[in-house]
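Please open the model in your viewer and keep the selection panel at hand. The stops below are meant to be taken in order.

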Amino acid sequence: MRPMTYGLFALSVAALSVAVAGPVLAQSAPPAGQTEGAWKPPRSALSSAIPTLAEDTALQAAVASEARPVADRARDAARHPYESLTFWGLTPGMTVVEIEPGGASWWRHILEPYAAGTGGRYVPVNRPLESMGVAEGSADLILVARAFHNWARDGRTQPYLQAFYKALKPGGVLAVEQHRSAEGLNVADVASTGYVPESYVIREARNAGFVLEARSELNANPRDDHDHPFGVWTLPPVRRSAASDDPAAPRLSAEERAAFDAIGESDRMTLRFRKPE
C-alpha cells in the first residue's frame, strides 16, 4: 500500500476500452496444486452486455421500482443489478439466500419483492454457521456480496463455503460479487483493505466442492488501482476521508477527495459457481 499522504498526489489512470464480446463464457479454474497467486484468471471473455438469457420482466420491474431507496437506485450504474442477477441465473420461483445483507440491504430491496412476486422465497442469513435459514439441499441460489475480505481475516471462508454447499440443491448456484485486488498478493496483507485476489475466492470455492461455471467483467472498474489510504472504503459509496471521526484527524484534501470520487465504486469480480448435480 502506498504511504499515507494528505497533500496533493498524482493519480495515474490507464484508459481501457471494454469491448462487448457476446455471451459471458465459462472459464477454467486453476490447475490442482498451483499456489495462490500463481494463476491469473483469464480475461478473454469480457462483456458489458446483458447475458443472453430470457428477459425477466418481473426482475426488470423490481430493479426499476420506485419503492427502492433513492440512494440504492443511484448506484445501479455501478452495480448493474439486472445484468448481474441475470448472469447468476436468477429465475422466478427460486429460493434465494443472501449472506450477511447488512444494514443497507442493497440487494434485499430487489430480491425480496422479486421473490414475493414470483412465488419464490428470499432468506437473509447473518450467521451461517448457526443456521442457513433453509433446509439442507433446498436453496436454489446463494448470494455473497462483498464479504470474502472479512472472512479471510478470521478463518471463516472455508467453514462458510461448506455451509453454503450443504444448503444448496444439487445444481444450485453460488453467486459472488467481491472487491478484487491485483493477483499475486497475499490475502493476509490485502484483506484488511477490503480487497482479495480473484484466484483466492476461486480456490476456496473449489476446495469446498463448487465448480466455477462462469465469470464476468460486468462489475470491473479499470480506474480502480486497488490502493487507497483507507482501503476500498475510501471510494464511493462510503467515501472515508480520515482515519477517525476525530475532527483533529488529518483528512484528504478537496483535490484528493475529488480524485477518489472520480474513480467510482470498486473493481469487482463477478463469479458464478455451481454445486455439481
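Contact here means heavy atoms within 4.5 Å, and buried means under 20% relative accessible area, with exposed over 50% and partly exposed in between (1.4 Å probe, protein chains only). Helices (H or I, at least four residues) and strands (E, at least two) are DSSP runs numbered from the N terminus. This is a predicted model, in which local features need pLDDT of at least 70 and side-chain atom pairs count only at pLDDT 80 or more, whereas totals for chains, interfaces and linings use all residues. Residues are numbered from 1 along each chain as its sequence is written, and side-chain values use heavy atoms, with hydrogens and water left out.

Start with the sheet. Select its six strands, which form an open sheet in the order β2-β1-β3-β4-β6-β5 with mixed pairing; two strands pair if DSSP finds at least two bridges between them. β2 (121-125) and β5 (211-216) stand at the edges with a single partner strand each, so one side of each is left without a neighbour in the sheet. Then select β6 (residues 268-274), which runs antiparallel to β5 and is joined to it by five bridges; within β6, Leu271 is the bridge partner of Arg215.

Next, select helix α9 (residues 198-207), which packs on the sheet, touches β4, β5 and β6, and makes about 15° with the direction of β6. Such angles run from 0 to 180 degrees between N-to-C directions, the axes being lines fitted to C-alpha atoms, for helices over the stretch in contact. Seven of the ten residues of α9 are buried, so this helix is largely enclosed by the rest of the structure. Among the buried ones are Glu198, Tyr200 and Glu204, and the cover over the buried residues includes α6, α7, β4, α8 (187-190), β5 and β6. Just after α9, look at Gly209, which takes a positive phi of about 110°.

Finally, move to Arg257, which is found in helix α10 (residues 254-263). Is Arg257 buried or exposed? Arg257 counts as buried, at 10% relative accessibility. Leaving aside neighbours within four places in sequence, Arg257 is in contact with Thr234, Leu235, Arg239, Arg240, Ser241 and Leu252. Of these, Leu235 lies 22 residues away from Arg257 in sequence and 8.9 Å away in space, C-alpha to C-alpha.
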